[in-house]
Amino acid sequence: MRVGFLFNHDQIHQVAHSLPIAKALAEAHPTTQVILALSNARIATEVERLLGGTKPTNLEIVHLRLTSRSSLLLNRLFRRFIPSAKLLLYRDNLDFFKLLDALVVTERTSLVLKSRYGLDKLPMYLADHGAGDRAIGFGTSAAKFDHILAAGAKIRDRMIADAGVAPERITITGYPKFDTVKSSTPLLPMQANGRPTVLYNPHVSPHLSSWFDLGNDVLEYFYKNNEYNLIFAPHIMLFQRRFVMTIDRLRLSRVGIIKQKYYEAPNIHIDLGSTASTNMTYTNAADIYLGDVSSQVYEFMRTPRPCIFLDTHETKYEGDTNYAHWQAGPVVNRISQLNNALATATVTFAGYYGAIQNQLFAYTFDLTRELSSFRAAEEISRLLGIVG
């Protein structure tokens with residue numbers, strides 16, 4: 001039995017969502033060959049870090065590459081604007097995918113293996129990255145997977161209601177990323193000043209993110225206001241390219257630049273894409289979350305604390321399940337509203353929002369004494385009839 005786990009992305013933020021499952025599957029079933037298919041050196045480094053120097057003998061690492069002249073040419077032409085290598089990789093590595101008995105993935109572009117390249121008989125299982133509320137996470141393409149490993153009841157319910165996934169093709173297995181996170185995180189050096197620390201975590205999608213309209217205003221606010229520390233750790237893909245192109249609503253937007261003075265401010269820490277921006281270092285270290293639609297807010301709510309949300313799109317969010325997390329704190333539209341939101345954050349959290357956060361977290365994540373990665377691995381083995 002050959003079970004593949006695909007890691008095909010420009011950045012590392014999806015690795016922790018399925019690598020723990022691969023390792024658990026290999027450890028529990030030593031006669032099963034588990035293959036990690038990696039698409040670039042950055043991902044390979046993160047895989048090595050998370051494996052921590054221990055790799056079961058039946059866990060194999062394969063490096064996928066673009067090989068055809070046409071793919072190499074197209075990638076040179078378009079890689080500055082779109083993740084072209086990611087999209088072209090499937091065609092150039094069909095021989096590898098054909099040898100698998102099943103494939104576990106963390107995102108949906110891999111479905112082209114079924115829809116375009118004829119591998120409709122290859123069982124594909126989705127171990128999705130993140131557990132947020134955005135509509136794109138519950139699109140009808142999810143129904144094309146043979147099975148979905150869901151973090152909790154929220155994901156299951158919306159996959160059924162919004163994506164049309166048959167209930168028997170979804171199993172709740174928890175959130176494997178939590179298995180990789182240390183119980184305590186050291187504070188940043190600037191936090192020695194004892195001031196409250198705010199994490200600003202804007203999303204990458206221009207039609208949803210607060211960055212493109214208010215991002216630099218947020219940085220300027222904290223630059224002038226030293227009552228708070230600021231961690232600026234946006235979605236890891238936001239500054240990957242000079243322009244952001246989104247697929248759920250076709251749009252190309254310029255990301256802009258960050259002024260040097262913000263890097264030099266003693267109360268501001270900027271991280272545009274290191275491991276710390278993906279491994280919950282900042283969501284654990286901050287006292288207050290400031291963001292928009294990133295699923296990282298749910299990771300922040302693992303230890304409930306005040307949240308503030310920036311809406312720069314005049315969103316009609318009340319009662320909208322795509323913005324359910326905006327129930328976890330006040331929603332503001334302008335920088336001028338930040339003073340009051342920050343000043344009252346602790347009081348409003350204790351008196352109202354804390355209880356709501358507990359409800360949102362419990363509905364999003366089904367966590368038990370058993371590791372989520374082991375639960376997911378056992379479900380994969382059940383689906384494939386693996387007994388040894």
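The largest cavity in this predicted model holds about 70 Å³ of space. Its lining is made by Leu 6, Phe 7, Asn 8, His 9, Gln 11, Gln 14, Val 15, Ile 43, Val 105, Thr 106 and Glu 107. Sort these residues by class, and you get five nonpolar, five polar and one charged. A search of the whole structure turns up three cavities of 30 Å³ or more.

The second largest cavity holds about 50 Å³. Which residues line the second largest cavity? They are Leu 199, Asn 201, Ala 233, Ala 276, Ser 277, Thr 278, Met 280, Tyr 282, Thr 283, Gln 296 and Glu 299. Three elements supply at least two lining residues each: β8 (197-201), α10 (281-285) and α11 (296-300). By class, this lining has five nonpolar residues, five polar and one charged.

Stay for a moment with Met 280, one of those lining residues. Met 280 sits in the loop between β12 (268-270) and α10. Is Met 280 buried or exposed? Its relative accessibility is 2%. The cut-off for buried is under 20%, so Met 280 counts as buried. Its backbone also deserves a look. The phi of Met 280 is near 75 degrees, a positive value in a residue other than glycine. Most residues other than glycine have a negative phi.

Glu 314 also has a positive phi, near 50 degrees, and is likewise a residue other than glycine. Find Glu 314 in the loop between β14 (307-310) and β15 (331-332). How accessible is Glu 314? Its relative accessibility is 74%. Exposed means over 50%, so Glu 314 counts as exposed.

Now step back to the whole chain. It has 14 helices and 15 strands. Its radius of gyration is 21 Å, close to the 21 Å that the globule rule gives for 388 residues, so the chain is as compact as a globular protein of that length. Along its principal axes, the C-alpha trace spans about 60 × 50 × 40 Å. Buried residues make up 57% of the 388 residues. Contacts tell us how the chain folds back on itself. Take the contacts with a separation of 6 or more: residues 24 or more positions apart account for 67% of them.

The largest nonpolar core has 66 residues. Which of its members touch the most other members? They are Phe 97, Leu 103 and Met 159. Helix α13 (residues 345-364) gives the largest share of this core, five residues. A second, separate core has 34 residues, including Trp 211, Tyr 262, Ile 268 and Ile 335.

Leave out residues up to four places away in sequence. Leu 103 then touches Gly 4, Phe 5, Leu 6, Phe 97, Leu 113, Leu 122, Pro 123, Met 124 and Tyr 125. Leu 6 is also one of the residues lining the largest cavity.

Val 34 lies in strand β2. Its relative accessible area is 0%, so Val 34 is buried. Val 34 and Arg 2 are 32 residues apart along the chain, yet their C-alpha atoms are separated by 6.0 Å. Not counting residues up to four places away in sequence, Val 34 touches Val 3, Phe 5, Ala 22, Leu 25, Ala 26, Asn 58, Leu 59 and Glu 60.

Thr 32 lies in the loop between α1 and β2 (33-38). At a relative accessible area of 2%, Thr 32 is buried. What does Thr 32 touch, not counting residues up to four places away in sequence? The answer is Met 1, Val 3, Asn 58, Ile 386 and Gly 388. Val 3 and Asn 58 are contacts of Val 34 too.

End at the second largest pocket. About 480 Å³ of space lies there. The pocket has 27 lining residues, and the closest to its centre are Leu 50, Lys 177, Asp 179, Thr 180 and Val 181. Which elements give two or more residues to the lining? They are α1 (15-28), α2 (41-51) and α14 (372-384). Helix α1 gives the largest share, six residues. By class, the lining has 12 nonpolar residues, eight polar and seven charged.

Note on methods: Residues numbered from 1 in each chain as written. Predicted model: local features only at pLDDT ≥ 70, side-chain atom pairs only at ≥ 80, totals over all residues. Heavy atoms only, no water. 1 Å grid on protein atoms, 1.4 Å probe; cavity = no way out; pocket = protein on both sides within 12 Å on 5 of 7 lines; lining within 4 Å. Points joined across faces, edges and corners; volume = space filled by probe spheres on them. Helix = DSSP H or I, 4+ residues; strand = E, 2+ residues; numbered from the N terminus. Nonpolar A, V, L, I, M, F, W, Y, C, P; charged D, E, K, R; others polar. Core = buried A, V, L, I, M, F, W, Y, C linked by side-chain atoms within 4.5 Å. Buried < 20%, exposed > 50% of the residue type's maximum accessible area, 1.4 Å probe, protein only. Contact = heavy atoms within 4.5 Å. Rg over C-alpha atoms; globule rule 2.2 N^0.38 Å.
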